[in-house]
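Hi,

Here is the structure I promised to pass on to you. Have a look at it first, and then read my notes below.

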Amino acid sequence: QVQLVESGGGLVQPGGSLRLSCAASGGFFSINTMGWYRQAPGKQRELVATITNGGSTNYVSSVKGRFTISRDNAKNTVYLQMNSLKPEGTAVYYCNAGVAQYSNTRYLSYWGQGTQVTVSS
C-alpha cells in the first residue's frame with residue numbers, strides 16, 4: 001500500500017520560512033510527477049507547485065520567487081521550501097504523487113494526510 005507522509009508544518013511569523021517534506025513508501029515501481037497543494041479554510045484545494053521525475057517545475061503565480069520545490073528520487077521524497085511566508089499562505093498543505101505500483105500498471109494519484117501551515121504574528 002503506497003503511503004505519502006508529510007512533515008514540517010507549523011506556526012511561523014509573516015516573512016518567515018518553513019520546509020515541508022513528503023516521503024513515499026510502501027513498495028512501488030515508479031513515481032512520476034510529485035507536487036504540493038494547499039487548502040485554506042472555506043476554499044478549494046489549489047495547486048502550489050509540481051516537479052516531474054526529470055526535475056521540471058511548475059508554480060502557481062502567487063508563490064513564484066518565494067517557494068522552491070525539489071525532490072530526491074533516491075529517497076522518494078519531495079520538498080517544498082517556503083520563504084517570505086504571508087498570512088494568506090495559511091492552509092493545510094497536501095503532498096501528491098503519481099505512482100505506478102508495477103512496471104505494467106498505470107500511474108495512480110496518491111495523497112498525503114496533510115500538514116498544517118499557519119502564518120501569523
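Let's start with a charge and a ring: R45 lies over the face of W111, 4.6 Å from the ring centre. For a charge to sit over a ring, NZ of Lys or CZ of Arg must be within 6 Å of the ring centre and within 35 degrees of the ring normal. The charged end of R19 is placed in this way over the ring of Y79, at 4.1 Å from its centre.

Before going on, please keep in mind that this is a predicted model, where local features need pLDDT of at least 70 and side-chain atom pairs count only at pLDDT 80 or more, while totals for chains, interfaces and linings use all residues. Residues are numbered from 1 along each chain as its sequence is written, and side-chain values use heavy atoms, leaving out hydrogens and water.

W111 also has a ring partner. Searching the whole structure gives one aromatic pair. Y37 and W111 form this pair, which is edge-to-face, with 5.0 Å centre to centre and 65° between the planes. Y37 is in strand β4 (residues 30-39) and W111 in strand β10 (residues 108-111), so the pair links distant parts of the chain, 74 residues apart. (Rings of Phe, Tyr and Trp, the last by its six-membered ring, pair if their centres lie within 6.5 Å; planes under 30 degrees apart are stacked, over 60 edge-to-face, and the rest tilted. Strands are DSSP runs of E with at least two residues, and helices are runs of H or I with at least four, numbered from the N terminus.)

Next, the strands. Strand β3 (residues 18-25) pairs with strand β1 (residues 3-7) in the antiparallel sense over five bridges, and V5 has A23 as its bridge partner in β3. Strand β8 (residues 77-82) also runs antiparallel to β3, joined by six bridges. Pairing here takes at least two DSSP bridges between two strands.

Finally, which cysteines does a disulfide join? C22 is joined to C95, S to S 2.1 Å, where a disulfide is a pair of cysteine sulfur atoms within 2.5 Å. C22 lies in strand β3 and C95 in strand β9 (residues 91-100), so the pair ties together parts 73 residues apart in sequence. Both C22 and C95 are buried.

Enjoy exploring!

Definitions and conventions. Buried < 20%, exposed > 50% of the residue type's maximum accessible area, 1.4 Å probe, protein only.
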